[in-house]
Each structure stands twice: as C-alpha cells, then as structure tokens.
Amino acid sequence: MRQISKRAWLITIAGGTILALLGLLYDLLKGALANVFPSLPLWIILVGIAVVVILIATFGAWYDRLKSTPEMSADTVRENRQNMLGRVQNKWIAGFLENPLYYSYEGQLLPVPLRERVGSRFDLVLSNPLEPTQTLPPGTTLAQVFDDAGGELLILGEPGAGKTTRLLELTRDLLKRATDNPMAPMPVVLVLASFASRVIKKRSLENLISDLFLYLRYLHKLTPGEKFEKWIVEELRNKYDIPSQIGEAWVKANQLLLLLDGLDEVAPSALLACIEAINEYYHQAQRSLVVCSRTKEFLGQPGRLALHTAVIVQPLSSSQVDTYLDDLAAKGEDVTGLKHVLHQSTALSALATTPYFLTVLLLAYHGKPAQELLALVKAAPTDQQHLIFHDYVERILRRTGARVHATALQTKHWLAWLACQMTAHQQSELYLEQLQLDWLPKRQRAYYWWSIGLLAGLVFGLFSGPVLVLVGGLVGGLLLGLGAAIPHYALRFWLWQAGRTPAPWRYIAFLDDAVEQRLLRKVGGGYLFQHRLLQDYFASLDVVSGSALRKEPLPPTESQVQSYVLLRRDIGIIGMVLPFVLIIGKIILESLGISSSTSAYYYSVMGDVFVGSLGALSIFLLCYRYDLLDDIVSIIAGICAIGVVLFPTAPDVDATQLQTAIGLAHASFASYFFLILALMAIFLFRRTDQVSPTRRKQQRNTVYLICGIVILACVVLADLTLFVPYLQGASWLQPLHPIFWLESFAILAFGFAWFVKGETFILKDE
C-alpha cells in the first residue's frame with residue numbers, strides 16, 4: 001500500500017491528542033474522576049477547557065493552511081516539475097515502452113504505416129476521421145504531426161495495431177521537450193476508463209461528499225469541464241502521488257499536456273458525457289490534448305471530439321510480415337510452420353497484420369511444425385482468436401520456472417476473475433489499495449462486515465470505561481491512521497477465502513510472476529494486462545469457485561494430517577483438565593476452598609499454572625491452521641486468550657481503580673473468548689464437504705452443538721449473576737461460587753469439543 005505521508009501522521013497525532021483531552025475534560029465535568037482528584041480546583045478545569053479550545057482553533061487553522069495552495073519558491077516549483085516528469089518517464093517510458101520484457105518478439109519493432117486526416121479549421125469537430133486521408137511519409141513522427149496540428153491529435157486504430165505504442169512514443173518526445181524547456185507543458189498519460197467509473201457512474205459516499213463540498217465552494221453545480229479537472233487532480237494523486245493542491249494548481253495554470261488513452265474503454269452509457277467533458281476542458285484556454293481510441297468504437301457512437309487532426313494507425317502489409325518472418329528465420333528461429341499456416345488461412349494472415357497478434361503468434365507457435373497447427377487453421381475465424389490466446393497462455397505456463405507462487409490452474413482462474421472484475425468496473429489498471437467491497441461475492445461481504453464489527457467490538461470492549469478516558473483519544477487517532485489499512489486487508493483476506501485471489505501476503509508476488517510470464521504489465525505501482533485483448537480473453541473464461549483454487553494441488557501429507565489431529569487433541573486436553581488442576585493444586589499447596597472464578601486463581605499459588613495454561617492455549621490457537629475461516633477465528637480466539645492473561649481480573653477485595661479498569665478489559669476479552677469458542681463449536685466444527693456425512697460425523701456434530709450451547713448458556717448465566725440486582729451479592733448464592741462453576745463448565749465443554757475434533761479416541765471414523 002501507499003505509505004502514509006508525514007502530514008497525515010501529524011494530523012492523526014494532533015487529532016488523537018485533542019480527542020484524548022476532550023474525553024478527559026468530559027469525565028472531569030461529569031465527576032467520574034472525583035475519586036482520583038477529590039480536591040481538583042475549578043480553575044484547573046477552566047484552564048483545561050481554554051487549552052483545548054486553543055488547540056482546536058490552532059489545529060483547524062493549520063489544517064486549512066495545509067489544504068490551501070501555498071506560495072512555493074522557484075526551487076520548489078522546479079523540483080515538483082522534475083518529479084512529475086521523472087514519474088511519467090519511469091512509469092510509461094522506462095517501465096513500459098522501453099522495457100525489454102514488453103517489446104514485440106525479441107524486441108524487434110516493425111515500422112507501422114500511418115495515415116493522416118486533417119479537417120477544416122472552420123469545422124467544430126472532425127465528423128469523419130477516416131475520409132479523406134493521406135499517407136504520411138516514412139519516418140514522420142507523431143511529434144511532427146502534433147506540432148503541425150497546433151498541439152492536438154486524435155490517434156485511431158484497430159485492436160492490437162499499436163496505438164498505445166505510438167502514444168507513448170509521442171510522450172517520450174514531449175518529455176524531452178519539457179525537460180529542455182521549463183516553459184513547455186508537462187506531458188501526462190492518463191487512462192480514461194477510470195473517469196467513467198469514478199466521476200460519472202460511481203456515486204459513492206465519498207464522491208457525494210466531495211461534490212457537496214465543491215458545490216459549496218463554487219456555489220453552483222459542477223460543469224463537465226470542472227468534473228474533468230477534478231478527475232485529473234485525483235488521477236495525479238492516485239497514479240503519480242502528486243498532492244491535490246499541487247495538481248490543482250497545475251491544472252488551473254495549464255501546465256499539463258494530457259495524453260488520454262483508452263477512450264473506447266469508457267462505458268457506453270458514460271461515453272457521451274466523457275466526450276463532452278473533454279471538449280469543454282480542451283476549449284478552456286486552448287489546452288493541448290492527445291486522445292487515443294479504437295476506430296470502430298469511436299465511429300460507432302454519435303459523439304465527436306473537438307479535434308481537427310487524426311492519425312489512423314494502419315495494419316501491416318502481408319509483405320512486411322513475410323519479410324519479418326524471413327529475418328527471424330535467418331537468425332536461427334524456427335518459424336517455418338507458422339509462416340506456412342499464415343499462407344493457408346486468410347483469417348490468420350489478417351490477424352498477423354497487427355503487431356500485437358503477430359507477437360502472440362510467434363510466442364505461441366514458434367518451433368512448432370505445421371502439422372501441429374492444423375487445428376488452428378481448421379477453426380472458425382470467430383474462434384481462432386480465442387484459440388490463439390489459449391495456446392499462448394498454455395505455452396507460457398508450461399515454461400520451466402514460470403510458476404513460482406501459483407499453479408497453472410490457479411494462475412488462469414485468478415487472472416480470469418481479475419479480468420472480469422476490471423472489465424465490470426471499467427478499470428484498465430489494478431491498484432491493490434483501491435480494491436472495493438463490491439469485488440467480494442455477496443456471501444463473503446457478510447463475513448467481511450462481521451470481521452470488521454468483531455474487531456471494532458474488541459477495541460471498544462478493551463477501551464471501554466475509565467480506560468477510554470486516558471487512552472481513548474490517542475487510540476482513536478491511531479485508528480484514524482489505520483482506518484484504511486484494516487478494512488483493506490480484511491477485504492483481501494475474504495477475497496482469498498472466496499477463492500478469488502492468492503493469500504494476501506502472496507498476491508503481489510503472484511502478480512509479479514504474471515508480469516514475468518508476459519501476462520501482465522507493471523506500470524508504476526499498478527498492474528494491467530499485457531493488452532486489452534488478453535484481458536478480454538481472460539474475462540471470457542469460467543472462474544472456478546470456492547476452495548478448489550485456494551487449496552494446493554497436492555493433498556496434505558500424512559504427517560500434516562497427524563499434526564492437525566494432535567493439535568486439536570492437545571487443545572482439548574488443556575481445556576478439560578484446567579479447572580481440576582486449579583482446584584486440586586490450590587487445595588494441596590495453599591488452602592482449602594474454591595476461588596470466586598477461574599480467573600481469580602491468578603492471585604493464588606496456582607497463578608503461574610493459570611497463566612501458563614492460557615498462554616499455551618493461545619499459542620495453540622494462533623498456530624492452528626486448517627481452513628481460512630477456521631484460521632481467522634482461531635487467531636482471534638488466541639488474541640483474546642492473550643488478552644485474558646495480560647489483563648488479569650480485579651482482586652476480590654481492596655481493588656484499586658486501576659485494577660478495576662484492567663478487570664473490565666479482562667472481562668471483555670474473556671466474554672469474546674467464550675463467544676468465539678461457542679461459534680467455533682456450533683458452526684465451524686460442524687461443517688463438512690461430504691454430501692452424506694458418515695454416522696460418526698453426525699454424532700460428532702451433535703457433540704459440537706451441545707458443547708457450543710453449553711458455552712453460550714454458561715456465558716448468559718454468568719452475566720445474569722453479575723448484573724441482575726436480585727442475584728448480585730445474594731447471600732445464598734455467593735457461597736456456591738457460581739461464576740467459577742459456570743466458567744469451568746464452559747471451559748470443559750470447549751475442551752471436550754476440541755478433544756472430539758481430534759478424532760483420536762472418541763467418535764473416530766471407522
């Protein structure tokens with residue numbers, strides 16, 4: 001994920017400090033800390049209020065100043081400009097255009113013919129970019145055409161013809177100009193697909209709030225051009241790490257030269273609005289502009305860009321393809337079979353006239369004799385493209401060392417799911433930190449909210465009561481800083497659980513492997529498919545659901561299965577013997593009698609045994625691995641067990657206020673611990689992949705259900721004993737030590753459920 005800036009950390013710390021002071025003053029005014037400060041003068045409270053008010057006012061003014069555009073020195077302006085140019089160079093030129101991994105076959109580029117259409121300066125738009133056109137002389141660069149057109153250009157071409165390559169070659173020339181001439185605008189490559197998904201179509205709460213603030217700022221509804229400027233600023237921040245205030249200043253000062261790729265990737269329902277926004281932006285102050293699109297998609301809709309010069313990227317000629325293949329054969333490459341097939345099939349020969357398809361054909365079929373390509377020749381023209389990509393992917397995934405972090409099946413289906421999501425959300429680039437909740441299947445969304453709610457409940461339970469006064473504000477500030485990270489990683493965990501992605505800690509490595517395999521490209525911090533055609537191919541594949549992809553292709557070894565069984569058995573043994581060990585040990589080593597609760601043994605001679613047993617139990621739960629959902633729940637249970645150990649219960653007599661506060665944290669952890677144990681017994685332990693469970697499995701499920709119900713009943717009865725006025729301090733009830741016995745029965749039920757889960761002695765499958 002992108003690193004949090006120093007300014008964000010300062011805002012978080014300052015905001016958390018103010019929240020802490022406000023909470024402290026609130027409890028002071030309520031008198032909640034009267035026991036701690038019995039003679040606190042009123043003037044101290046008033047001074048504290050004044051300090052908080054001054055801090056809030058100072059913080060507000062400072063934050064407003066941070067958001068405003070500061071007057072920057074000439075050195076700072078120059079540095080910002082060089083940073084922007086360097087990021088475009090690194091991302092699109094060094095990282096994409098000139099990256100040897102992304103070249104055509106063995107890095108050889110064919111000269112692609114170009115045609116130009118220049119419209120009349122009296123026409124508002126170029127109504128038909130294809131007629132009449134003239135062939136550009138060989139060696140003519142797009143930079144020359146761009147200059148002759150007065151700083152505007154529309155690039156059209158068929159899929160795979162090399163439009164983006166021509167766009168980036170123009171970007172490289174413009175970058176050199178901007179580097180040499182400080183007054184020249186900075187070329188910036190942006191992908192238009194995100195414009196429709198973020199500004200026009202997607203009505204998220206964030207966008208609604210942002211539009212409301214902009215409306216209040218300008219006192220009118222945003223025009224299409226203003227929305228487009230807002231999108232530019234967002235793209236500069238998200239794709240190039242340019243602060244919003246700097247990006248906004250560049251846009252207003254016309255210091256950017258936009259090169260917009262992928263107009264055809266904008267959703268059809270938003271395409272007219274997108275063109276209208278581009279036209280309005282272009283007409284303001286006569287900005288320079290380059291737009292790239294597929295020819296068919298551009299001509300198939302009624303909207304037209306206010307650009308008067310178009311360059312149409314032409315397909316290669318058959319003679320060019322033959323000459324290229326002959327050159328490769330002269331260098332020792334075996335392309336005889338492919339050349340023979342291209343001469344036999346008119347449809348294949350037409351596909352080979354686009355540079356991208358020619359590259360794919362060479363990578364998929366070089367070294368193969370013509371006999372092995374007969375299926376490709378006999379396939380219907382509509383199926384040939386799909387078959388070519390199938391053979392290309394299969395050959396890549398069969399290469400030695402190509403699969404490092406995933407099997408071939410996992411690679412294909414994880415990329416298929418990714419392509420489906422990117423297509424459905426009108427995205428051409430994947431940034432992991434920008435994953436959205438609607439990428440999750442509906443069932444996993446409920447689990448996602450459950451896990452977020454459970455985490456929030458744990459934090460609230462831990463810091464409730466007097467502890468909230470002292471550290472709640474600082475914790476709140478920390479949560480503000482981590483507020484985006486926790487939901488993000490929770491989302492990635494549940495995507496993994498749904499079988500849609502690799503494990504979160506392996507996802508980046510998996511994507512990097514796909515880059516090495518020439519299936520994806522890595523541009524800056526984002527990933528995109530090698531070509532939109534390849535993305536469309538993966539999106540057409542069926543996605544394997546559930547755990548079929550998440551599990552390794554090889555079954556677990558006998559030693560692994562034995563480890564799972566022994567771990568479950570050991571957890572069960574600890575739970576079943578703990579209450580008896582505490583009672584007997586205290587009677588033998590200290591004195592007769594039973595403590596008020598199992599946690600109260602912390603203050604007895606058996607305290608080390610209590611802490612050690614819970615510590616071992618927490619380690620077992622943290623190390624337990626089976627299924628993703630089991631893993632997450634057992635980890636949370638292990639954390640709660642650690643919390644029970646680290647925050648001991650308050651002593652029965654003479655408890656200080658600090659001990660009482662720590663005891664509340666102990667009670668919170670203990671409550672969640674027992675509730676999670678009940679959840680595991682009732683729901684997780686009873687799951688099965690078998691259509692017809694065995695008789696032993698049905699018997700074990702009955703045991704799990706009874707144990708879970710016992711745990712829940714003990715928790716409910718313990719709460720009634722503690723909080724119902726009639727039962728609190730009842731003289732007839734206290735000698736019976738109800739909390740101890742209820743906790744003991746819950747622990748015994750938990751231990752017995754895990755012991756049965758071990759399938760070692762009881763209800764083992766026959």
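1. A place to begin in this predicted model is Asp147, which is partly exposed, with a relative accessible area of 39%. The side chain of Asp147 meets that of Arg177 in a salt bridge, with 2.4 Å from N to O. Because Asp147 belongs to helix H4 (residues 142-148) and Arg177 to helix H5 (residues 163-180), the pair ties together parts that are 30 residues apart in sequence. Arg177 is likewise partly exposed, its relative accessible area being 33%.

2. A second salt bridge joins Asp326 and Lys339, whose closest N and O atoms are 2.4 Å apart. Here Asp326 sits in helix H12 (residues 318-330) and Lys339 in helix H13 (residues 336-344), so this pair ties together parts that are 13 residues apart in sequence. Asp326 is partly exposed, with a relative accessible area of 37%.

3. Where do Arg532 and Asp536 lie? Both are in helix H23 (residues 532-539), four residues apart, which is about one turn of the helix. In an α-helix there are 3.6 residues a turn, so residues three or four places apart point the same way. The side chains of Arg532 and Asp536 meet in a salt bridge at 3.1 Å, N to O. Arg532 counts as partly exposed at 21% relative accessibility, and Asp536 counts as partly exposed at 30%. Elsewhere, salt bridges that share partners join Lys91, Glu235, Lys239 and Glu429 into one network. Over the whole structure, a search finds 18 salt bridges.

4. The structure also holds 22 aromatic pairs. How are the rings of Trp414 and Phe510 arranged? Their centres are 5.4 Å apart and their planes stand at 85 degrees, so the pair is edge-to-face. Trp414 is in helix H18 (residues 408-424) and Phe510 in helix H22 (residues 507-516), so that the pair links distant parts of the chain, 96 residues apart. Trp414 and Phe510 are both buried.

5. Tyr601 and Phe740 form a tilted aromatic pair, 5.8 Å centre to centre and with 50 degrees between the planes. Tyr601 lies in the loop between helix H25 (558-589) and helix H26 (607-623), while Phe740 lies in helix H30 (residues 738-757), so the pair ties together parts that are 139 residues apart in sequence. Tyr601 is buried, with a relative accessible area of 0%, and Phe740 counts as buried at 0% relative accessibility. Ring pairs also link Tyr356, Phe357, Phe389, Phe529, Tyr537 and Phe538 into a cluster.

6. Among the buried residues of H10 are Ala270, Leu271, Cys274, Ile275 and Tyr282. Cys274 counts as buried at 0% relative accessibility, and another cysteine, Cys714, is buried with a relative accessible area of 7%. A search of the whole structure finds zero disulfides.

7. For the chain as a whole, there are 30 helices and nine strands, and buried residues make up 47% of the 766 residues. Of the contacts in the chain with a separation of 6 or more, 75% are accounted for by residues 24 or more positions apart. The chain exposes about 37400 Å², of which carbon and sulfur atoms supply 63%.

Key: Residues numbered from 1 in each chain as written. Predicted model: local features only at pLDDT ≥ 70, side-chain atom pairs only at ≥ 80, totals over all residues. Heavy atoms only, no water. Buried < 20%, exposed > 50% of the residue type's maximum accessible area, 1.4 Å probe, protein only. Helix = DSSP H or I, 4+ residues; strand = E, 2+ residues; numbered from the N terminus. Salt bridge = Lys/Arg side-chain N within 4 Å of Asp/Glu carboxyl O. Contact = heavy atoms within 4.5 Å. Areas by Shrake-Rupley, 256 points an atom, 1.4 Å probe, with all protein chains shown as cover. Disulfide = S-S within 2.5 Å. Phe/Tyr/Trp six-rings, centres within 6.5 Å; stacked < 30°, edge-to-face > 60°.
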